[in-house]
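Hi,

Here is the structure I promised to pass on to you. Have a look at it first, and then read my notes below.

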Amino acid sequence: MVLKLAIQKSGRLHEDSVKLLKECGIEINNNVKNQLKATAANFPLEVFFLRDDDIPQYVEDGVADIGFVGENVVYESQKEVKVAELLGFGKCRLSIATAKADTYTGPAFLQGKKIATSYPVLVAQFLKKNNIQAEIHEISGSVEIAPSIGLADAVCDLVSSGSTLFMNGLKETEVILQSQSALIQTPELSPEKSLILQKLLFRIQTVKKAKG
Ligand code: PRT
Ligand code: ZN
């Protein structure tokens with residue numbers, strides 16, 4: 001019996017995901033480029049390498065039992081998965097940003113405006129909560145350029161250092177979600193697999209405590 005874990009194949013979370021497993025004493029043989037699957041040598045774990053956006057679906061379906069993925073991706077996906085543990089890496093925030101020259105006094109600024117984002121679900125939730133009617137323009141990348149080319153009045157995107165916003169003449173005006181990578185689990189896990197997960201969670205918690 002092995003627990004099936006989905007992690008990002010390449011990108012910002014890949015290295016930290018592999019590093020966390022290593023710190024948990026789990027060695028995976030992933031030195032073959034373009035490999036989609038690896039088995040741990042010393043722990044009952046099989047690792048799938050996927051695009052981060054696909055991880056919640058795979059975990060909901062039980063194709064993978066657990067996954068390491070950003071909370072932003074989990075909540076935007078609206079999949080039926082449980083966040084079992086926060087992992088402490090991939091920290092960022094999902095924020096509204098407007099042109100530097102705009103005076104942002106609060107969510108009311110967005111009334112009747114057009115917001116470009118790759119996170120339409122989370123933006124819609126934020127607008128609804130604040131009773132604001134605004135148009136959401138979904139784009140998959142280069143969101144920050146939208147205001148300067150006249151595509152939108154504001155954007156909602158992930159921010160870490162803030163330099164991307166700055167370079168595009170924007171300023172962060174409202175944080176709508178604080179995010180970091182999380183361990184998610186499928187709704188139905190067999191007792192045998194639950195036991196393996198408990199062991200893994202124990203090791204992750206030990207690593208986290210050691211880091212303080
Ligand atoms: O190929 P795949 O679909 O798997 O990867 P991806 O390109 O969709 O995602 P990737 O690797 O860029 O990001 C994976 C996860 O990292 C995200 O879902 C977040 O949970 C987390 N993360 C943490 C970030 C950032 N920080 C981040 N800064 N993801 C993206 N960014 C981008 C942001 O979109 C913006 O373009 O970095 C830019 C802003 O950075 P600053 O430092 O200039 O503010
Ligand atoms: Zn992605």
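**A helix with a buried face**

In helix H4 (residues 120-129), Val123, Phe126 and Leu127 are buried. Some terms before we go on: helices (H or I, at least four residues) and strands (E, at least two) are DSSP runs, numbered from the N terminus. A residue is buried if 20 or more other C-beta atoms lie within 10 Å of its own, exposed if 12 or fewer, and partly exposed in between, with C-beta atoms placed from the backbone.

Seen down the axis, the buried residues of H4 fall within an arc of 95 degrees, so they line one face of the helix. That arc is the one made by the directions from the helix axis to the C-beta atoms. Just after H4, Asn131 has a positive phi of about 55 degrees.

**Where the model comes from**

Please keep in mind that this is a predicted model: local features need pLDDT of at least 70, side-chain atom pairs count only at pLDDT 80 or more, and totals for chains, interfaces and linings use all residues. Residues are numbered from 1 along each chain as its sequence is written, while chains are lettered from A and ligands numbered from 1 in the order in which they are written.

**The whole chain**

The secondary structure of the protein chain comes to six helices and eleven strands. Its C-alpha atoms fill a box of roughly 55 × 35 × 30 Å along the principal axes. Of the 212 residues, 34% count as buried. Two residues are in contact if their C-beta atoms, placed from the backbone, lie within 7 Å. Among contacts between residues at least 6 apart in sequence, 64% join residues at least 24 apart.

Eight residues of domain 1 are in contact with eight residues of domain 2. On the domain 1 side of this contact, H3 gives the most, with four residues.

A residue counts as near a molecule or strand if its C-beta atom, placed from the backbone, lies within 6 Å of it. Of the 21 residues around ligand 1, Gly11, Gly70, Cys92, Ser161 and Thr164 come nearest. H3, E9 and helix H5 (163-167) each supply at least two residues of this shell, and the largest share, three residues, comes from E9.

Leu165 also has its place in helix H5. Leu165 is buried, with 20 other C-beta atoms within 10 Å. Not counting residues up to four places away in sequence, Leu165 touches Ala97, Glu144, Val159, Leu170, Lys171 and Glu172.

Helix H6 (residues 191-211) has 21 residues and reaches 30 Å from its first C-alpha to its last, close to the 30 Å expected at 1.5 Å a residue. The expected span is 1.5 Å times one less than the number of residues. Which residues of H6 are buried? They are Lys193, Leu197, Leu200 and Ile204. These residues cover an arc of only 65 degrees around the axis, which puts them on the same side of H6. The face turned away from that buried side carries exposed residues, among them Glu192, Gln198 and Lys209. The buried residues of H6 pack against strand E1 (3-8), helix H1 (14-23), strand E4 (66-70), E5 and strand E11 (181-185). After H6 comes Gly212, whose phi is positive, near 80 degrees.

**One loop residue**

Gln78 lies in the loop between helix H3 (71-77) and strand E5 (82-86). Its phi is near 55 degrees, a positive value in a residue other than glycine. Gln78 is exposed, with 12 other C-beta atoms within 10 Å.

Enjoy exploring!
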